[in-house]
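Reader: I'd like to learn how to read a structure like this one. Can you walk me through it?

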Amino acid sequence: MATGRAYRDFVLEQLSELEDISWRAMMGEVILYYRGRVFGGLYDDRFLVKPTASARAMMPHADMELPYEGAKEMLLVDNVDDRQFLRALVEAMYGELPAAGRKGRRHGG
């Protein structure tokens, strides 16, 4: 199962208050970038983020899930309806993310 367009569009809209959000489609899934750094993705209609210290602190009871077979576990974001929380989460994670080499596709593009 891949991430559906409706779920992708919903999550991107929820993240739209953040400047410089971009994304890239990859094998039916969506890789998410903030200021050029990968922070998470959409996998089988699930919003998963890297398990940084900030993300763990903000979501202490979040489930760890595999985005796909053979990948490292990521944190499941189950509060996708709260735009302010999502903004704070991504901004808090930014300083802990490694720099990325490739840019994603611009939101809305």
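Predicted model: local features only at pLDDT ≥ 70, side-chain atom pairs only at ≥ 80, totals over all residues.

Reader: OK. Is Tyr-43 buried or exposed?

Author: Tyr-43 has a relative accessible area of 7%, so this residue is buried. Tyr-68, on the other hand, comes out at 52% and therefore counts as exposed.

Reader: How do those two tyrosines sit relative to each other?

Author: For ring pairs, you look at the angle between the planes: under 30 degrees is stacked, over 60 is edge-to-face, and the rest are tilted. The structure holds three aromatic pairs. One of them joins Tyr-34 and Tyr-94: the ring centres are 5.5 Å apart and the planes stand at 80 degrees, so we call the pair edge-to-face. Tyr-34 belongs to strand S2 and Tyr-94 to helix H3 (residues 83-94), so this contact ties together parts that are 60 residues apart in sequence. Tyr-34 is buried too, at 3% relative accessible area. Now for your two: Tyr-43 and Tyr-68 make a tilted pair, with 6.2 Å from centre to centre and 45 degrees between the planes. Tyr-43 is in strand S3 and Tyr-68 in the loop between strand S5 (64-65) and S6, so to speak two distant parts of the chain, 25 residues apart.

Reader: Back to Tyr-94. Which charged ends sit over its ring?

Author: Here you check how far the charged end lies from the ring centre, and whether it sits over the ring face. The charged end of Arg-35 is over the Tyr-94 ring at 5.0 Å from the centre, and that of Arg-37 is over the ring as well, at 4.4 Å.

Reader: Next, strands. How many bridges join S3 to S4?

Author: Bridges tell you which strands are partners: two strands pair if there are at least two bridges between them. S3 and S4 run antiparallel and are joined by four bridges. Tyr-43 turns up again here, with Arg-46 as its bridge partner in S4. S4 also runs antiparallel to strand S6 (residues 74-76), with two bridges between them; there, Val-49 has Leu-75 as its partner.

Reader: What about the two faces of S4?

Author: In a regular strand, side chains alternate between the two faces of the sheet. In strand S4 (residues 46-49), Arg-46 and Leu-48 are on one side, Phe-47 and Val-49 on the other, and all are buried, which leaves both faces covered.

Reader: Which residue in the turn between S3 and S4 has a positive phi?

Author: The hairpin of S3 and S4 has two residues between the strands, and Asp-44 in the turn has a phi of about 50 degrees. Asp-44 is partly exposed, at 24% relative accessibility. Met-27 also has a positive phi, near 50 degrees. Met-27 lies in the loop between strand S1 (21-26) and S2 and is exposed, at 80%.

Reader: Last one: what lines the largest pocket?

Author: The largest one holds about 420 Å³ of space. Its lining has 16 residues, and those closest to the centre are Ile-31, Tyr-43, Pro-67, Tyr-68 and Met-74. By type, the lining splits into 10 nonpolar, one polar and five charged residues. S3 gives the largest share, three residues.

Methods
Residues numbered from 1 in each chain as written. Heavy atoms only, no water. 1 Å grid on protein atoms, 1.4 Å probe; cavity = no way out; pocket = protein on both sides within 12 Å on 5 of 7 lines; lining within 4 Å. Points joined across faces, edges and corners; volume = space filled by probe spheres on them. Nonpolar A, V, L, I, M, F, W, Y, C, P; charged D, E, K, R; others polar. Buried < 20%, exposed > 50% of the residue type's maximum accessible area, 1.4 Å probe, protein only. Phe/Tyr/Trp six-rings, centres within 6.5 Å; stacked < 30°, edge-to-face > 60°. Lys NZ or Arg CZ within 6 Å of the ring centre and 35° of its normal.
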